[in-house]
Amino acid sequence: MRALTVTPGVKNSIKLAQIREPVPTASQALLRVREIGVCGTDMDLNQGFYGEAPPGSSYLVTGHESLSTVESIPKNDQGISKGDLVVPTVRRPDDCINCQHGESDMCLTGNYKEHGIKGLHGFGSDLAVSDFNFLVKVPSEVADVAVLLEPMSVGEKGVYQAFKIQERLLWKPRRALILGAGPVGLLTAYLLRLKGLDVVVTATRTKDSVKAQLAQRVGGTYVNTIEQPLQTLGKFDLIMEETGSAQVAMQATGMLNTNGIMCFLGIYAPTEAPEDIGSFYKDVVLGNKTFFGSVNANINYFRMGLKDFVEIQKRFPGVLRDTISMRIAPEDFQKAYSPNKDSIKTVIRFNN
Ligand code: BGC
């Protein structure tokens with residue numbers, strides 16, 4: 001069968017290979033993959049920065065954002081059967097206390113595995129396998145956008161955690177800033193608009209770009225920071241950092257309102273900064289400000305995302321669909337790895 005593979009640690013090793021079909025174990029479903037999404041982590045895997053092949057394999061099948069049809073599944077209490085559409089979560093637990101309580105996204109040891117990233121093959125192949133306890137059943141009404149559920153789950157977790165942490169005080173957020181208009185940034189913008197916040201999305205594309213239009217179609221404001229510097233945008237109750245740029249993140253820390261909260265969702269490269277950290281800490285203390293990081297998402301956030309997708313489809317028709325900028329065949333995978341100025345989310349379609 002066809003599979004998109006990388007050799008972890010080797011730059012530009014992505015290729016469409018022929019590999020043997022996987023054989024599911026007693027706790028796994030066999031999935032006929034419909035499509036996968038390509039994200040920044042996949043780019044990093046192909047740069048050799050990141051990634052780990054399964055034990056005994058020289059390659060890693062990529063693809064952690066996916067949508068599949070169940071080809072076969074053991075009897076289960078998840079209500080999932082052959083022919084159902086499903087999205088598998090990414091991370092699989094180890095034996096730490098968090099993992100054992102359904103929060104592998106909060107794994108203590110770092111010994112978790114991630115499909116398509118760390119120690120487990122991903123879903124970028126004609127057939128794939130996943131433990132059936134980590135499958136989310138997808139209703140047909142959102143089938144055309146369900147490949148976005150994994151990136152949505154990452155935004156859902158960040159936002160849920162921010163609100164949960166803020167239960168520490170009386171907090172009525174009004175203004176939210178989303179740094180970065182990549183798919184996770186845009187999906188977070190849709191979500192925060194559902195929650196009724198005033199949302200400003202910043203990035204470096206022009207104001208007539210599709211990304212800018214998507215932010216505006218949900219009632220958000222789009223700012224091109226090349227034309228209008230961040231510092232002119234005022235203060236925010238909630239800041240979601242989704243650019244992965246340490247410099248942007250540092251600049252934005254000063255834009256948090258009293259009692260505000262900022263969530264870091266990027267993977268930051270080492271960056272030295274000659275900032276006045278004394279004043280920064282003073283501002284954090286005197287303003288009761290909170291900064292936290294968030295990674296991955298357990299199955300509960302996928303379920304929340306699915307509910308919100310139905311709501312987003314109703315409130316902002318076509319927005320999720322238009323967040324997918326291109327669908328290509330596996331043979332054209334290079335297009336997904338050389339994004340252009342119009343790319344948002346590129347999806348690779350394996351089977352109908
Ligand atoms: C994925 C997460 C994963 C993280 C780190 C992200 O791209 O969405 O599920 O935990 O990479 O590997």
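**Notes on the aromatic pairs, the ligand shell and a few loops**

1. Let me start with the rings: F264, Y268, F280, Y281 and F291 are linked by ring pairs into a cluster. A pair here means Phe, Tyr or Trp rings (the six-membered ring for Trp) with centres within 6.5 Å; planes under 30 degrees apart are called stacked, over 60 edge-to-face, and the rest tilted. Keep in mind that this is a predicted model, where local features need pLDDT of at least 70 and side-chain atom pairs count only at pLDDT 80 or more, while totals for chains, interfaces and linings use all residues. Numbering runs from 1 along each chain as its sequence is written, and side-chain values use heavy atoms, with hydrogens and water left out.

2. How many aromatic pairs turn up in the whole structure? The search finds six. One of them is Y160 with Y301, an edge-to-face arrangement with 5.7 Å between centres and 65° between planes. Y160 sits in helix α3 (residues 149-165) and Y301 in helix α8 (residues 299-315), so this pair ties together parts 141 residues apart in sequence. (Helices are DSSP runs of H or I with at least four residues, strands are E runs of at least two, and both are numbered from the N terminus.)

3. Are the two tyrosines buried or exposed? Y160 is partly exposed, at 37% relative accessible area, whereas Y301 counts as buried at 4%. The cut-offs are under 20% for buried and over 50% for exposed, with partly exposed in between, using a 1.4 Å probe and protein chains only.

4. F264 belongs to strand β16 (residues 256-264) and F291 to strand β17 (residues 290-293), so the pair ties together parts 27 residues apart in sequence. Both ends are partly exposed: F264 has 23% relative accessibility and F291 has 25%.

5. Two charges over rings are worth a look. R91 lies over the face of Y112, 3.5 Å from the ring centre. K195 places its charged end over the ring of F163, at 4.9 Å from the centre. To count, NZ of Lys or CZ of Arg has to be within 6 Å of the ring centre and within 35 degrees of the ring normal.

6. R91 comes up again around the ligand, together with C39, T41, Y50, H64, V90, E114, I117, E150, V154, V295 and N296; each has a heavy atom within 4 Å of the ligand. By class, this shell holds six nonpolar, three polar and three charged residues.

7. Which side chains put a polar atom by a ligand oxygen? T41 does, at 2.5 Å, as does Y50, at 2.9 Å. N296 has a side-chain N or O atom 2.8 Å from a ligand oxygen. The ligand taken alone exposes 310 Å², and the protein buries 89% of that; areas are Shrake-Rupley values with a 1.4 Å probe.

8. N296 is in the loop between β17 and α8 and is buried, with a relative accessible area of 9%. For context, most residues other than glycine have a negative phi.

9. N12 shows a positive phi as well, about 55°, and again is not a glycine. N12 lies in the loop between β1 (2-6) and β2 (15-18), and N12 is exposed at 52% relative accessible area.

10. Helix α7 is worth checking at both ends. At its start (the helix covers residues 277-286), a side-chain oxygen of D276 comes within 3.2 Å of the backbone nitrogen of G278. After α7 comes N288, with a positive phi near 50°.

11. N340, between β18 (324-328) and β19 (345-349), is partly exposed at 45%, and a polar atom of the N340 side chain lies 2.7 Å from the backbone nitrogen of D342. G180 is in the loop between β12 (175-179) and α4 (183-194) and counts as buried at 7% relative accessibility. The C-alpha atoms of G180 and E311 are 23 Å apart, with 131 residues separating them along the chain.

Key
A polar contact is a pair of N or O atoms within 3.5 Å; within protein, one must be able to donate a hydrogen and the other to accept it, and residues adjacent in sequence count only if both atoms are side-chain atoms. Ala, Val, Leu, Ile, Met, Phe, Trp, Tyr, Cys and Pro count as nonpolar, Asp, Glu, Lys and Arg as charged, and the others, Gly among them, as polar.
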